[in-house]
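Subject: Structure for you to look at

Hello,

Please find the structure below. My notes on it come after.

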Amino acid sequence: TSVSLEATDDGTNVSLSGRVRGTATGSVTIYRERPGEARTAVGKAQVSGGEFAFTDDPPTRPLTYRAVYADPQTGLPYAALLRNPIDAS
C-alpha cells in the first residue's frame, strides 16, 4: 500500500488529487500544514478505484498538504506529503 498526492492552486482553491495503491475503496484524511503550526485535518476524500480528489479553500499561504490512508484491518497509516509548499505567489 502506498499513497501519492498532487496539488494545483488557482489562487483561491487548492485542488488535491492522488492515488492509494493497494486498495480500491476507503477514505483518505487530508491535513493542512503550515510552518510553526499544528497539523490540521480539513476533510476526508473518498477513494474510488484507488483514486481520490479534494478541494480546499485555505485562508493563508504558504502551506502544504498531507494525505493519510489508514488500513481498515490493521489501522496502519500510509501517507503522502507534498514536497513543494503552496505559496502566495
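This is a predicted model: local features need pLDDT of at least 70, side-chain atom pairs count only at pLDDT 80 or more; totals for chains, interfaces and linings use all residues.

Residues are numbered from 1 along each chain as its sequence is written, and side-chain values use heavy atoms, without hydrogens or water.

Strands are DSSP runs of E of at least two residues, numbered from the N terminus, and two of them pair if DSSP finds at least two bridges between them. Strands β3 and β4 are antiparallel, with eight bridges; Arg-32 has Thr-40 in β4 as its bridge partner. Six residues separate these two strands in their hairpin, where Gly-36 has a positive phi near 80 degrees. β3 also runs antiparallel to β6, through six bridges, and Ile-30 is partnered with Ala-67 there.

β2 (residues 14–21) is joined to β5 by six bridges, again antiparallel. Within β5 (residues 51–56), Phe-52, Phe-54 and Asp-56 point to one face and are buried (under 20% relative accessible area, 1.4 Å probe, protein chains only).

The loop between β5 and β6 (64–70) contains Pro-62, and the peptide bond from Arg-61 to Pro-62 is cis, with omega about 5 degrees. Most peptide bonds are trans.

Leu-5 is in contact (heavy atoms within 4.5 Å) with residues beyond four places in sequence, including Leu-16, Phe-52 and Tyr-65.

Regards

Notes:
Buried means under 20% relative accessible area, exposed over 50%, partly exposed in between (1.4 Å probe, protein chains only). Helices (H or I, at least four residues) and strands (E, at least two) are DSSP runs, numbered from the N terminus.
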